[in-house]
Amino acid sequence: MREYYQRDRRLHPPALTPDYKTSVARSPRYSMISLQQSASEITGPTFGHNDIDRVDNDLIRNYAKSGDPVGERIIVHGRVLDENARPVPHTLVEIWQANASGRYRHKKDTYLGALDPNFGGCGRTITDAEGRYVFRTIKPGAYPWRNWVNNWRPAHIHVSVFGHSFSQRLITQLYFEGDPLIAKCPIVATIPDQDAIEQLTAKLDLNATVPLDSIAYKFDIVLRGRRSTYFENRPEGN
Amino acid sequence: MAQKLDYLRESASQTAGPYVHIGLAPGAAGFDIYREELGWDIAGPNAKGERIRVEGLVIDGIGSPVKDVLIEVWQANAEGHYAHPEGGGEVEEGFRGWGRVITDFDTGEWGFDTVKPGPVMGRNGRLMAPHLNLWLVSRGINIGLNTRMYFGDETEANAKDPVINLIEWEKRRATLIATREMRDGIPVYRFDIRLQGDDETVFFDI
């Protein structure tokens with residue numbers, strides 16, 4: 001049984017974060033029970049290319065009805081790695097986001113920002129053998145939300161990653177380098193560790209741009225690492 | 001001088017927010033985009049074992065149903081094998097063992113159809129009682145919550161289950177056990193998840 005490293009919860013938001021008000025009534029109060037991992041935790045769903053279509057990772061094309069979506073064309077790319085810096089290959093990555101005016105294509109979103117007839121706002125892909133992924137999309141706009149009276153979310157993309165076990169499952173958010181709203185956001189501020197916030201900030205990557213077409217950002221995602229198997233007197237893979 | 005260890009740090013979790021459906025279940029957000037959404041058929045047509053339905057609510061600290069939660073299910077087949085290379089054995093063709101479930105926006109009710117899993121080999125050769133592994137995310141939940149659902153008609157297996165027995169507060173063990181009733185000839189298990197309160201569901205750090 002090769003276990004995953006214990007999750008370092010000091011890097012993650014605690015359940016109760018009163019400045020993010022919705023957490024107040026939705027945060028468990030008793031301590032979690034710590035489990036030693038079993039087959040139930042070290043296994044998880046697997047995905048293949050039959051599950052998705054090639055265009056699914058192109059948010060500029062995958063919902064277009066009458067033309068291109070409005071806004072700044074961007075590429076978001078990076079690797080899914082584990083805490084041992086090993087790539088996580090063949091794992092599903094799903095993203096969702098607002099359009100350039102900060103509006104989500106969701107029947108519950110009532111923000112004044114305009115819907116874009118050519119933008120759905122979701123995409124998905126499977127990492128390659130080296131854990132790489134890429135999306136093409138439109139840079140999302142900032143938008144206001146009901147928390148304090150005047151809260152604005154920084155531009156962000158939601159990211160959902162599976163890894164290879166149920167214990168690696170993670171949802172996080174990608175922010176954009178240089179956005180002044182990051183430092184003002186109560187949801188970002190649920191993360192207690194400044195380096196951990198920095199790790200969620202995608203960096204401008206001019207080398208990955210498509211000249212005269214799309215600007216690029218690089219965003220690596222790190223999932224939990226796993227202990228090596230001890231084979232005789234030598235840790236395998238080390 | 002301590003040895004320098006070159007590890008990375010796990011990316012921090014962030015809430016899935018109120019619009020999680022756009023990414024993970026766009027049909028529920030009100031639009032079609034993919035050829036196929038994922039996680040709607042947990043067991044597939046060839047799965048052996050008893051066909052069951054599981055239903056419930058997620059209830060917040062003031063007793064209201066949470067109407068925007070998304071739940072993922074991970075379970076073994078009737079023989080206790082997971083559909084994974086380290087899952088303990090073969091599974092039937094089409095058995096995925098993974099499901100994605102959303103709540104009704106008006107009532108908060110969720111439900112799914114699957115097969116009842118078998119006992120799964122746990123640590124040190126101790127069998128675990130049949131169970132579903134659940135993971136919850138929503139607006140206001142900063143990091144996904146892991147819990148398990150056990151079956152109310154497995155009294156004997158539940159009493160010996162090594163995970164249930166880890167919970168010192170015996171009163172809290174009941175929060176993991178679903179009640180069974182028959183409806184139109186199908187067993188229906190009811191499992192309400194409480195995020196806070198005296199009867200707060202047990203959540204696991206896995």
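## A charge over a ring, and its aromatic cluster

R169(A) is placed over the face of F162(A), 3.8 Å from the ring centre. The model described here is a predicted one. F162(A) also belongs to an aromatic cluster, whose members are F47(A), F162(A) and W98(B). A further charge-over-ring arrangement involves K65(A), which lies over the face of Y63(A) at 3.9 Å from the ring centre.

## Aromatic pairs

Across all chains, a search of the whole structure finds 13 aromatic pairs. One of them is formed by Y104(A) and Y19(B); this pair is tilted, with 4.6 Å centre to centre and 40° between the planes. Y104(A) lies in the loop between β3 (92–97) and β4 (122–126) of chain A, while Y19(B) lies in the segment before α1 (20–24) of chain B, so the pair joins two chains. Y104(A) counts as buried, because its relative accessibility is 0%. Y19(B) counts as buried as well, at 14% relative accessibility.

Another aromatic pair, W74(B) with Y82(B), is stacked: the ring centres are 5.3 Å apart and the angle between the planes is 20°. Both W74(B) and Y82(B) are buried.

## The contact between chains A and B

The contact involves 92 residues from chain A and 77 residues from chain B. Between the two chains an area of about 7600 Å² is buried, and carbon and sulfur atoms give 55% of this area. R26(A), I33(A) and F166(A) supply 12% of the area that chain A buries against chain B, more than any other three residues.

## Q173(A) in strand β9

Q173(A) is part of strand β9 of chain A, which covers residues 170–176. With a relative accessible area of 0%, Q173(A) is buried. The side chain of Q173(A) makes polar contacts in two directions: with the side chain of R153(A), at 2.8 Å, and with the backbone oxygen of T15(B), at 3.0 Å.

## A196(A) in helix α3

A196(A) is located in helix α3 of chain A, which spans residues 194–199. A196(A) is buried, with a relative accessible area of 3%. When residues up to four places away in sequence are not counted, A196(A) touches L11(A) and I191(A) in chain A, together with R9(B) and A12(B) in chain B.

A196(A) and Y133(A) are separated by 63 residues in sequence, and their C-alpha atoms are 21 Å apart in space.

## Annotated spans of chain A

An unreviewed UniProt entry lists residues 5–38 of chain A as "domain: Protocatechuate 3,4-dioxygenase beta subunit N-terminal". In the model, this span is 12% helix and 6% strand, and its end C-alpha atoms lie 13 Å apart.

For residues 42–225 of chain A, UniProt gives the feature "domain: Intradiol ring-cleavage dioxygenases", again from an unreviewed entry. This span is 4% helix and 32% strand, with its end C-alpha atoms 11 Å apart.

Methods:
Residues are numbered from 1 along each chain as its sequence is written. Chains are lettered from A and ligands numbered from 1 in the order in which they are written. This is a predicted model: local features need pLDDT of at least 70, side-chain atom pairs count only at pLDDT 80 or more; totals for chains, interfaces and linings use all residues. Side-chain values use heavy atoms; hydrogens and water are left out. UniProt positions are given in the numbering used here, feature names are shortened, and annotations may be inferred rather than shown by experiment. Buried means under 20% relative accessible area, exposed over 50%, partly exposed in between (1.4 Å probe, protein chains only). A polar contact is a pair of N or O atoms within 3.5 Å; within protein, one must be able to donate a hydrogen and the other to accept it, and residues adjacent in sequence count only if both atoms are side-chain atoms. Rings of Phe, Tyr and Trp (its six-membered ring) pair if their centres lie within 6.5 Å; planes under 30 degrees apart count as stacked, over 60 as edge-to-face and the rest as tilted. A charge sits over a ring if NZ of Lys or CZ of Arg is within 6 Å of the ring centre and within 35 degrees of the ring normal. Contact means heavy atoms within 4.5 Å. Buried area is the accessible area (1.4 Å probe) that two parts lose on being put together, summed over both.
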